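Try each task before you read its solution.

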Amino acid sequence: ITEERIWMYQALLEIPELHTFKPMANFFLVKIEKDGITSYDLFEYLIKQGLMIRDCAPFTCLEGEYIRFCIMSPEDNRRLIEALKTYFL
């Protein structure tokens, strides 16, 4: 998990529309910083790609557009990163 966490964190930092908080556990908390895109929009897009994230809109103190997702297998992590990059192109 440690190697994947490092790789994913670096890959997420390359997507300027996302603010990725440095992970301390086996999941990432990310804020969408592109106007007009909601956490629900991104959830819907990724679920259609067979990728699961958590829309954090119902969480107390996470007002705004936050998502959360776990570190998965290397293959699924790469699919997620590619899907995120494609979405924000």
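**Exercise 1: a loop threonine**

Thr38 sits in the loop that joins S2 and H2. Helices (H or I, at least four residues) and strands (E, at least two) are DSSP runs, numbered from the N terminus. This is a predicted model, where local features need pLDDT of at least 70, side-chain atom pairs count only at pLDDT 80 or more, and totals for chains, interfaces and linings use all residues. Residues are numbered from 1 along each chain as its sequence is written, and side-chain values use heavy atoms, with hydrogens and water left out.

*Task.* Find which residues Thr38 touches, not counting residues up to four places away in sequence.

*Solution.* Start with accessibility: Thr38 is partly exposed because its relative accessibility is 28% (buried means under 20% relative accessible area, exposed over 50%, partly exposed in between, with a 1.4 Å probe and protein chains only). Next, look for contacts, meaning heavy atoms within 4.5 Å: with that sequence exclusion, Thr38 touches Ile32 and Glu65.

**Exercise 2: the buried side of H2**

*Task.* Identify the buried residues of H2 and say what covers them.

*Solution.* First, list them: Ser39, Leu42, Phe43 and Leu46. Second, look down the axis: these residues lie on the same side of H2 because they cover an arc of only 105°, taken from the directions from the helix axis to the C-beta atoms. An α-helix has 3.6 residues a turn, so residues three or four places apart point the same way. Third, find the cover, which includes strands S2 (27-32), S3 (54-55) and S4 (66-70), together with H3.

**Exercise 3: H2 against H3**

*Task.* Describe how H2 (residues 39-48) and H3 (residues 74-87) pack.

*Solution.* Begin with geometry: the angle is about 125° and the axes are 11 Å apart. Axes are lines fitted to C-alpha atoms, for helices over the stretch in contact, and angles run from 0 to 180 degrees between N-to-C directions. H2 is therefore oblique to H3 (under 35 degrees is roughly parallel, over 145 roughly antiparallel, 65 to 115 roughly perpendicular, the rest oblique). Then list the contact: H2 contributes Asp41, Leu42, Tyr45 and Leu46, while H3 contributes Leu80, Ala83, Leu84, Thr86 and Tyr87. Last, sort these residues: 7 are nonpolar, 1 is polar and 1 is charged (Ala, Val, Leu, Ile, Met, Phe, Trp, Tyr, Cys and Pro count as nonpolar, Asp, Glu, Lys and Arg as charged, the others, Gly among them, as polar).
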